[in-house]
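Have the structure open while you read.

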Amino acid sequence: MRSPSSSSTMIDNTIIIGYKDEDSFSVDPLKISNVLVSGTTGSGKTAFVQSMITQVAELYSNPEKIKAIIIDSRGMEYSYLVKSPYLMTQFIMEPRNASGCVAWLTAEAQRRISKEIDESKWYDIFVVLDDYGEIAYNNSRIDEEVMALLRLTRIARIHCIFVTSTPSSRVFSTDVMANIPYRVSFRTTSKNVSRMVIGDAGAETLRVPGEMIVVSPNRTLRLDSYYLDYDQLIEKEKELTNKFSEFTGQSVLSIDDIISYDSSWMSEFPSDYSIGNDRDEYFAEVGYFIIEKQKASIGAIQRAFRIGFNRAARLMDQLSDAGVIGPEEGMSGREILMDREEFDEYLACGPDC
């Protein structure tokens, strides 16, 4: 791990995630919808998430612009945030109550996408699901509930951070993992666990706390994580709490409203829900995939998303109709017409813009 120093530089609208030699690496947190942070106990994953959340709060400052929901069964890892002006509700400490929280977030995402809430009133919601293995073991339907949420997070400005030391297939299904494009792995217990998290061996060789492998859709990096010690976390949180004292203790929702949210309606939630309700559930993910690869082919979609030819072809047609890719032009392939920012705007606006 490495604490901030005078040599640390931060680009506008980004947070530092780690270092390689003397170079710092930064990301725009608002462009990361879902991320998995995994590693053995003591490897540095919790300190990384704590530092990430604190940096986001400092970066965007105004509690009217960002909110946080913390699901932490032990109630210890994020206790310094208990009076944070950014909390949307009290800490959720019972793993079995996570289901109601996920259902509420999914409904909130639906309300935003369907324009029930004016976009000018949206704020980014960062959700920390700590010890996700415990959450999964205590909620038999959490997989399908999380899947319904993950399909909407990017468009609805919801950012889910899954933290776990037990990244097994029982905890994370293939479908869920396919919708978490950003992975951060600290030390793992084996090559198999490393492959589960980052798609390859390597994380099992990490030895020093804070060493991590970061995987995004377009690159893989081995870094030393950015680190704020506990005293620094408390000091920064006090500064923010004092600066925005009028928001302290002013939860947007009561914890009872969230944890008791009826998730039974989600059994009727259409698996292919998206803008317009007539698009494939993978529309957004395939769009980003094609833009990042700068290549649009049915075969590549089939391999990457493990779907059949007809479905992949239909996705290509839908992306062509949306103006993301051009028409078929024989052997030369389809032209990529949108970049990532344009596609972000298209998804946020909807097909009728």
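Q: How much space lies in the second largest cavity?
A: In this predicted model, about 110 Å³ of space lies in the second largest cavity. A search of the whole structure finds two cavities of 30 Å³ or more.

Q: What makes a space a cavity rather than a pocket?
A: A cavity is a set of points where a 1.4 Å probe fits but cannot get out, whereas a pocket is an open set.

Q: Which residues line the second largest cavity, and which helix gives the most?
A: There are 13 lining residues, and I53, A57, I66, A68 and Y86 lie nearest the centre. Helix α1 gives the most, with four residues, and α1 and β4 (66–71) each supply at least two. By class, the lining has nine nonpolar, two polar and two charged residues.

Q: What can be said of the second largest pocket?
A: About 580 Å³ of space lies in the second largest pocket. Its lining has 23 residues, with V27, I32, Y182, S216 and N218 nearest the centre. Sorted by class, they are 13 nonpolar, four polar and six charged residues.

Q: Why is helix α4 described as largely enclosed by the rest of the structure?
A: Look at the helix residue by residue. A residue is buried when its relative accessible area is under 20%. In α4, I142, E145, V146, M147, A148, L149 and L150 are buried. That is seven of the nine residues of α4 (residues 142–150), so the helix is largely enclosed.

Q: What covers the buried residues of α4?
A: The cover includes β3 (34–38), α2 (98–113), α3 (132–137), α5 (153–156), β6 (158–164) and α6.

Q: Which residues have the most contacts inside the largest nonpolar core?
A: They are I69, Y132, F162, I290 and F343, in a core of 69 residues. A second, separate core of 40 residues includes V49, I66, V128 and V163.

Q: What is F162 in contact with, leaving aside its neighbours within four places in sequence?
A: F162 is in contact with V35, L36, V37, L129, Y132, V146, L150, F172 and I180. Here, contact means heavy atoms within 4.5 Å.

Q: How many aromatic pairs are there?
A: The count comes to 12 aromatic pairs.

Q: Why is the pair of Y132 and F162 called edge-to-face?
A: Rings pair if their centres lie within 6.5 Å, and planes over 60 degrees apart count as edge-to-face. The centres of Y132 and F162 are 5.0 Å apart and their planes are at 90°, so the pair is edge-to-face.

Q: What makes this pair a tie between parts of the chain?
A: Y132 lies in helix α3 and F162 in strand β6, so the pair ties together parts that are 30 residues apart in sequence. Both Y132 and F162 are buried.

Q: Which residues do ring pairs link into a cluster?
A: They link Y86, F244 and F247.

How values were computed
Residues numbered from 1 in each chain as written. Predicted model: local features only at pLDDT ≥ 70, side-chain atom pairs only at ≥ 80, totals over all residues. Heavy atoms only, no water. 1 Å grid on protein atoms, 1.4 Å probe; cavity = no way out; pocket = protein on both sides within 12 Å on 5 of 7 lines; lining within 4 Å. Points joined across faces, edges and corners; volume = space filled by probe spheres on them. Nonpolar A, V, L, I, M, F, W, Y, C, P; charged D, E, K, R; others polar. Buried < 20%, exposed > 50% of the residue type's maximum accessible area, 1.4 Å probe, protein only. Core = buried A, V, L, I, M, F, W, Y, C linked by side-chain atoms within 4.5 Å. Phe/Tyr/Trp six-rings, centres within 6.5 Å; stacked < 30°, edge-to-face > 60°.
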